[in-house]
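Thanks for coming, everyone. Please look at the structure as I go, and keep your questions for the end.

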Amino acid sequence: RRASDVKVEISLRNGNVVQEILAQAKTSRPDLMVIGSHGRGGIQRLVLGSVAEKVLRLATCPVLTVRRGVRLVRRSRSPFATILCPTDFSAAANKAVAYAKRLAQEADAKLILMTAVEWPFGDEVTSGAVAELQKSIASNASDALTRLLPRPASNGPRAQAIVAVGKASAAIVKVARARSVDLIVMGVSGRGALDVAILGSTTHHVIREG
């Protein structure tokens with residue numbers, strides 16, 4: 001659609017930015033919120049916080065964050081040709097998977113479901129009981145991902161499952177770059193502000209680095 005075809009309503013509110021965004025969302029009841037992310041990190045993020053990340057934790061609808069420097073790819077139908085949905089098989093992740101399936105079908109996009117396995121013993125173990133345990137864990141993860149894939153259908157999204165090895169946040173960004181992903185869909189588990197600021201979370205790492 002052309003920009004001139006899109007109905008636009010402008011709202012100017014006074015007050016706390018996060019609170020006013022959430023209040024407007026409560027009034028408008030949107031299906032999706034889109035917000036830019038500066039990608040702050042470290043002490044700056046801890047002290048100043050992030051409007052995007054606060055909204056992400058508190059919003060009651062899906063939130064699309066767009067990092068500074070990300071370019072919109074011009075396509076005739078949809079801006080999303082490939083969608084990546086990482087999962088740790090939690091309740092929040094399951095909701096994200098369902099949402100990603102719907103998006104992929106509507107956009108006629110390729111869907112990649114992935115999970116990351118981080119070995120506590122290091123990657124150098126190639127034989128013995130530990131290696132067999134690693135193979136078993138990876139196999140179980142692959143089976144679980146396969147069960148989440150949409151059923152093959154003529155009008156269904158093209159889909160594949162990937163089990164990556166390593167820290168989840170780094171693995172997600174690596175797969176996204178390697179597969180030229182247009183959109184990453186993730187569930188937010190709703191950790192508290194202090195937990196996220198000090199310990200970080202996979203979702204917030206991906207927002208800053210993706």
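Start with Cys 85. Its relative accessible area is 0%, so Cys 85 is buried. Buried means under 20%, exposed over 50%, and partly exposed in between, with a 1.4 Å probe and protein chains only. Cys 61 is buried too, at 16%.

A word on the source. This is a predicted model, where local features need pLDDT of at least 70, side-chain atom pairs count only at pLDDT 80 or more, and totals for chains, interfaces and linings use all residues. Residues are numbered from 1 along each chain as its sequence is written, and side-chain values use heavy atoms, without hydrogens and water.

Now the largest nonpolar core. That term means buried Ala, Val, Leu, Ile, Met, Phe, Trp, Tyr and Cys residues joined through side-chain atoms within 4.5 Å. This core has 14 residues. Cys 85 and Ala 100 are among those with the most contacts inside it. Two or more residues each come from β3 (82–86), α4, β4 (110–117) and α5 (128–148). Helix α4 gives the largest share, five residues. Helices here are DSSP runs of H or I, at least four residues; strands are E, at least two; both are numbered from the N terminus.

Take Ala 100. Beyond its neighbours within four places in sequence, Ala 100 contacts Ile 83, Cys 85, Leu 111 and Val 185. Contact means heavy atoms within 4.5 Å.

Last, Tyr 99. Tyr 99 sits in helix α4, residues 91–107. Its relative accessible area is 32%, so Tyr 99 is partly exposed.
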